[in-house]
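Hello,

Here is the structure I promised to pass on to you. Have a look through it first, and then read on for my notes.

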Amino acid sequence: MIAPVAVSCGEPAGIGPELAEAARRVLGGTVPFFLIGDPDHLPGTMPHAVIDAPAQAAEVPTGTLPVLPLRFEGPRVPGRAQPAHAAGVVEAITRGVAEVRAGRASALCTLPIHKQALAEGAGFTFPGHTEFLADLAGVDEVVMMLASDQLRVVPATIHVALRDVFAALTPERLEKRIRITHDALRTQFRVAEPRLAVAGLNPHAGEGGRMGREEIEIIGPVLDRLRADGMDIAGPLSADTMFHAAARARYDAAIAMYHDQALIPIKTLDFDRGVNVTLGLPFVRTSPDHGTAFDIAGTGRANPSSTVEALRMAWRMAGGEA
C-alpha cells in the first residue's frame, strides 16, 4: 500500500490554505494526501481532521481534509505575511521531507512560500524551495522541471539575469542537467528510452556560428558526448520551432538554455495545470507552478488546478494511479 502524499502548508497569508481544501474537494480519495500546517489557518470551507501520523490519513472521510498539526504563532491574516509565521513555514517543509524519507509519506508536494517573509522572519538564506530541499537531502545538484500533459521542459540556467546566462552555461552544468533529466525520466516518469530535445542558446541555434558560437563550442560537444553514451538526443535546435505540437511529439522532455526560453512555452500551452518538479532529489517533490497570490488570498478565487495536478503527478511518480 502506497503511503499518502505529504503537503507542506507554505505561506499561511497566501492562497495555500485555500488550495489545500480545494484540492481535497476536487480529488476526494483518488490521491491520498495530508496537510502539514496549523489547522487554525484553514478557511473552513470543508471539515478537517487532525491526525497523529500520516497513516491515519487513509481513515479520514473523503470530504474531510487530514491535517498533521504544526502550531504557528498567531492567526492567519490573508494577504499579510507575518514574521512570526516564518519558522513554522520552514518547519513544515522540514517535517515533510522527514516524513517522506522515513517512508511514512510517498512524496512531498510543497505549497507556495514567500521568500522575503522567510528571510525577514527566520533568516532563510536559500533562493527558494528547491535549494532548501537539496540542502535537506544532502545533494549538490538538482534540476527544476516544469511539466504538464503537453510538455516537460528543463531550463539549464534558472534565476540569473539574461546577461549572466552566457557565463552560467558551462559544459559541466549542461551535462549534469541533461543526465539528471534523463535518469529521472527513466526512474520517476517510467520512460524506458527517453528522447530529449535540446535548444540552442542563440537565434536559429547560432546559424553555424554567424549568431554566436555557444552551440559549436559548448552545447554541441556536450550532446556528442552524451550520444556516445547511448542517449537519444536531438539538438542543438532552434528554440522557436521546438514547441509546436508536431515537434513536441518527437521528444519526452526539452532542455532549454534559460528561464524564459523554458517557461514561456509551458505557461502558454497549459498555464493553469503546469507543475514544478524537482529532479535529482532522493524523493519525489512537486509543487504548483505559481506563487502565494497575496492579492486574492482570502477571497475564494484561487484556482486549484496546478495544485491538483501537482498532487496527481506526485502520486503517479510515487507509483500510485490518479
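Where is Glu-207 found? Glu-207 sits in the loop between S8 and helix H7 (214–228). Please keep in mind, as you read, that this is a predicted model.

I started with Glu-207 for its backbone. Its phi is near 50°, a positive value in a residue other than glycine. Most residues other than glycine have a negative phi, and most peptide bonds are trans. With a relative accessible area of 28%, Glu-207 is partly exposed.

You will find Arg-190 in the loop between helix H6 (171–187) and strand S8 (195–199). Its relative accessibility is 49%, so Arg-190 counts as partly exposed, given that exposed means over 50%.

Staying with the backbone, the peptide bond that runs from Gly-235 to Pro-236 is cis, and its omega is near 0°. Pro-236 belongs to strand S9 (residues 232–237).

Next, the aromatic rings. The structure holds 3 aromatic pairs. In one of them, Phe-124 and Phe-126 are tilted, with 5.4 Å from centre to centre and 55° between the planes. Phe-126 also pairs with Phe-132; this pair is tilted too, at 5.2 Å centre to centre and with 45° between the planes. Together, Phe-124, Phe-126 and Phe-132 make up one aromatic cluster. Phe-126, at 25%, counts as partly exposed, because buried means under 20%.

The largest pocket holds about 480 Å³ of space. Which residues lie nearest its centre? They are Lys-115, Met-144, His-159, Asn-276 and His-290, out of 23 residues that line the pocket. Helix H4 (129–137), strand S6 (143–147), helix H9 (259–270) and strand S12 (285–288) are the elements that give two or more residues to this lining. By class, the pocket lining divides into 8 nonpolar, 10 polar and 5 charged residues.

There is also 1 cavity of 30 Å³ or more, and the largest cavity has a volume of about 60 Å³. Its lining is made by Cys-9, Pro-12, Gly-16, Pro-17, Leu-35, Gly-37, Asp-38, His-41, Leu-42 and Leu-111. H1 and strand S2 (33–37) each supply at least two of the lining residues. Of the residues around this cavity, 6 are nonpolar, 3 polar and 1 charged.

Why does Glu-18 count as buried? Its relative accessibility is 11%, and buried means under 20%, so Glu-18 falls in that class. Leaving aside neighbours within four places in sequence, Glu-18 is in contact with Pro-43, Arg-76, Ile-296, Ala-297, Gly-298, Thr-299, Gly-300 and Ala-302.

Those are my notes; I hope you enjoy exploring the model.

Best wishes

Conventions: Residues numbered from 1 in each chain as written. Predicted model: local features only at pLDDT ≥ 70, side-chain atom pairs only at ≥ 80, totals over all residues. Heavy atoms only, no water. Buried < 20%, exposed > 50% of the residue type's maximum accessible area, 1.4 Å probe, protein only. Contact = heavy atoms within 4.5 Å. Phe/Tyr/Trp six-rings, centres within 6.5 Å; stacked < 30°, edge-to-face > 60°. 1 Å grid on protein atoms, 1.4 Å probe; cavity = no way out; pocket = protein on both sides within 12 Å on 5 of 7 lines; lining within 4 Å. Points joined across faces, edges and corners; volume = space filled by probe spheres on them. Helix = DSSP H or I, 4+ residues; strand = E, 2+ residues; numbered from the N terminus. Nonpolar A, V, L, I, M, F, W, Y, C, P; charged D, E, K, R; others polar.
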